[in-house]
Amino acid sequence: MPTINEILNTMDYGSAPESQKEAQAWLDGHQRTFGLFIDNAWSAPAELFASTNPADGTQLAELTQASDADVERAVEAARRALPVWQGMGGHGRAKVMYALARLLQKHSRLFAVLETLDNGKTIRETRDIDLPLAARHFYHHAGWAQLQSEEFADYRAVGVVGQIVPWNFPLLMLSWKIAPALAAGNTVVFKPAEFTSLTAMLFAELCVQAGVPAGVVNIVTGDGRVGSAIVNHPGVDKIAFTGSTEVGRLIREATAGSGKKLSLELGGKSPFIVFEDADLDGAVEGLVDSIWFNQGQVCCAGSRLLVQESVQERFLNKVRARMENLRLGSPLDKSMDVGALVDPVQRQRIAALVDSARAEGCDVWQPACELPLDGSWFPPTLITGASTSAAVAQAEIFGPVLVAMSFRTPPEAVQLANNTVYGLAASVWTESISLALDIAPAIKAGVVWINSANQFDAACGFGGYRESGFGREGGREGMLEYMTALAEDARPALPVAEAKAKGNVKPAPADPFAIDRTAKMYIGGKQARPDSAYSAPVFGANGALLAEVGVGSRKDIRNAVEAAHKASGWTSATAHNRAQVLYYIAENLAARADEFAARIAAMTGSKNPEKEVQASIERLFYYAAWADKYDGLAHQPPTKGITVALNEAVGVIGIVCPNEAPLLGFISLVAPAIALGNRVVVVPSEAHPLSALDLYQVFDTSDLPGGVVNIISGNADELARTLATHADIDAVWRHDGSAEGCAEVERLSAGTLKRTWVGGAKGRDWYSAAQSGGRAVLAHASQVKNVWIPYGV
Ligand code: NDP
């Protein structure tokens, strides 16, 4: 009997072109020239640049390169519109967003054709994926607007939001950005990619029709300079960016210290893992959706195929056979699988990477396939024989190019999957549910699709780990990216205690016995002397020498980070277990309450040190209570299956503690971090470090495994710098009231795109549960991983 592929090979398809009449008429109606959409009005077109159809190279329209003055006008309009938009209330906004969703559906064919013309992706994808998902995003977020006062009562909108998107999903990315921002009551200045601005222009018209008030949505077109002007504008309160990791880094650096909220959705090199017991034919279809969807120009494309050695040959034969059947050609033809690349620049980039693989001796296989003469095309490509360090195995190719490798055991699969600086997505194929659910948490990625690929829904958060960025789009967590906790507004303008109190550190007097009173640091569950062998005196409130503390250095941080990594058992321990340890720490602290109170009084001169100790004990109870209750969610997206949102630990967190309330500040930051399974390297209050250093005695008697909490005393600025640049630290928190220090942490974190949580110059009432973070800290201490689990036969 002939196989399905043999049958398919004997069949031919007629062409089934989608009409472009309406889209061309719409462009004609605008004389194929567009100005900027600011304050619900179109500016006169100026400094025009062309937008072309990548499938044939013809010019579609000309758009305006926005100037700095235009961005200024857009930000001003957005600022003016804030009270109007927020004044409409949740229900008022929900109605407008619902209207937008309806209009997107009503005009979906026009949008789909326009997107295909502008981007080169197939009409099947724009019609069946981009448009339905875009409309769904507005529906879902109309719901959040309606529920905002109930579900997010302790939050407010951030303000004016700058949003910058790439060209691979122009309208869909617009929806992912604009819908949650509007739902939360923000106003936006939005920049589409230079290559693909046309659907944003059409969307602007819908905004007017839907009754979006003037200034709420402003769309400015142009190249990266416009993005940069938005990023650097002081009137913008938050930046939401999707694009390359390179530009993401620039934006992280540019916004450092500005107080702007930031979310980055960056590149990926996502693994597609096939185990020997997988439904191989199903996996082949999944692979088509994973790497040849949108010509592979997808941040979460499954660009690295990892297949178990026992089935490697069989699977790759199936893949090649399927590749022979992929139809490449006019994107408006409804029977095409693969369309055009967005631009010749992108084609050259991909070709150069594929050439580098050839030069390195890899096997590059492409099916016999005729490429259209005009436009920008690249054939589906399979690369085998690449080393794990080859450029094609590490760099984001962003094209229809699959790099295949094999593995023998599940642990090896996980190791290879995580052998990347990125962490956006992964696809896992096996018929064993227990294997799939064992692998999913082990992969460092924000989304894991089991027996499926490239699934998206507005209710399920999407976003990356590591250099794939931070922040989530979609779901409850996505809404929080567009809000600020009211408690943040209540913070005092300056730290209530003297911010630095560096004056306390005076040269050591010639006291031969002082050496006996050196408080040690704490690394890997053991007391440690500083590598530098230097110590500094700590004076009490009355000026008397209290003790000496070690002056920690880069080397001590390095040792502490190593110890923290070794303590990974803490992350895999049960939440119940972690809660027990936190309660035990509280109990042992209570047993020594007098001692700690005396130490606080001596250090700070506090008149009521007992209050700080009691508050610390209560805070330990608070986060012990949360340890086994900060559960994830089970989403039910409109596909057959569930999506489980897991709150995973971030990893190793570097923490710089405040000088205010030196014990309570330390506990308030360390307890939530370890409650959720993180390991920490902590710099205690520089001015009053002793009560934190005394805690090692409490930790040692509380079953806290060595390496979970490491304490390095010394100069906060220097140590924070080391934490922010360390390659094996996943996040840095700094809360010592140093504006420059916090800005520096943000700037330096750009190197590895660590997550940061900094307090800036303001103070914080550490006794207030809300101000010291409360539940909100747990969001900083965790990252959401969405695991998609389809079911049914
Ligand atoms: P970029 O990161 O350069 O562009 C993304 C958006 O940022 C565009 O709107 C761009 O403007 C704008 N931009 C460019 N420079 C700046 C800047 N300095 N400040 C603020 N905004 C800026 O990605 P590209 O489109 O150039 O693609 C390059 C590579 O990036 C791709 O080959 C791919 O590897 C990766 N990429 C990853 C994406 C993802 O989703 N992870 C998406 C797109 C690209 P404009 O385009 O108008 O110049």
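Two rings of Phe, Tyr or Trp count as a pair here if their centres lie within 6.5 Å, the six-membered ring being used for Trp. The model on screen is predicted, and a search of the whole structure gives 21 such aromatic pairs.

Start by selecting Trp144 and Phe152. Their ring centres are 5.4 Å apart and the planes meet at 55°, so this pair is classed as tilted. Trp144 and Phe152 are both buried.

Next, select Phe275 and Phe407. Here the centres are 5.2 Å apart and the planes are at 75°; the pair is therefore edge-to-face. This pair joins distant parts of the chain, 132 residues apart: Phe275 is in the loop between strand S11 (271-274) and helix H11 (280-292), while Phe407 belongs to strand S15 (residues 401-407). Phe275 and Phe407 are both buried.

Then show Trp26, Phe34, Phe37 and Trp42, which ring pairs link into a cluster.

Two lysines come next. Lys238 lies over the face of Tyr482, 4.7 Å from the ring centre. At Lys611, the charged end sits over the ring of Tyr767, at 4.2 Å from its centre.

Finish at a sheet. Three strands form an open sheet of mixed pairing, in the order S20-S24-S23. Its edge strands, S20 (518-519) and S23 (535-539), each pair on one side only. Select S23 with strand S24 (residues 545-550): they pair in the antiparallel sense over 5 bridges, and Val538 stands opposite Ala547 in S24.

Conventions: Residues are numbered from 1 along each chain as its sequence is written. This is a predicted model: local features need pLDDT of at least 70, side-chain atom pairs count only at pLDDT 80 or more; totals for chains, interfaces and linings use all residues. Side-chain values use heavy atoms; hydrogens and water are left out. Two strands pair if DSSP finds at least two bridges between them. Helices (H or I, at least four residues) and strands (E, at least two) are DSSP runs, numbered from the N terminus. Rings of Phe, Tyr and Trp (its six-membered ring) pair if their centres lie within 6.5 Å; planes under 30 degrees apart count as stacked, over 60 as edge-to-face and the rest as tilted. Buried means under 20% relative accessible area, exposed over 50%, partly exposed in between (1.4 Å probe, protein chains only). A charge sits over a ring if NZ of Lys or CZ of Arg is within 6 Å of the ring centre and within 35 degrees of the ring normal.
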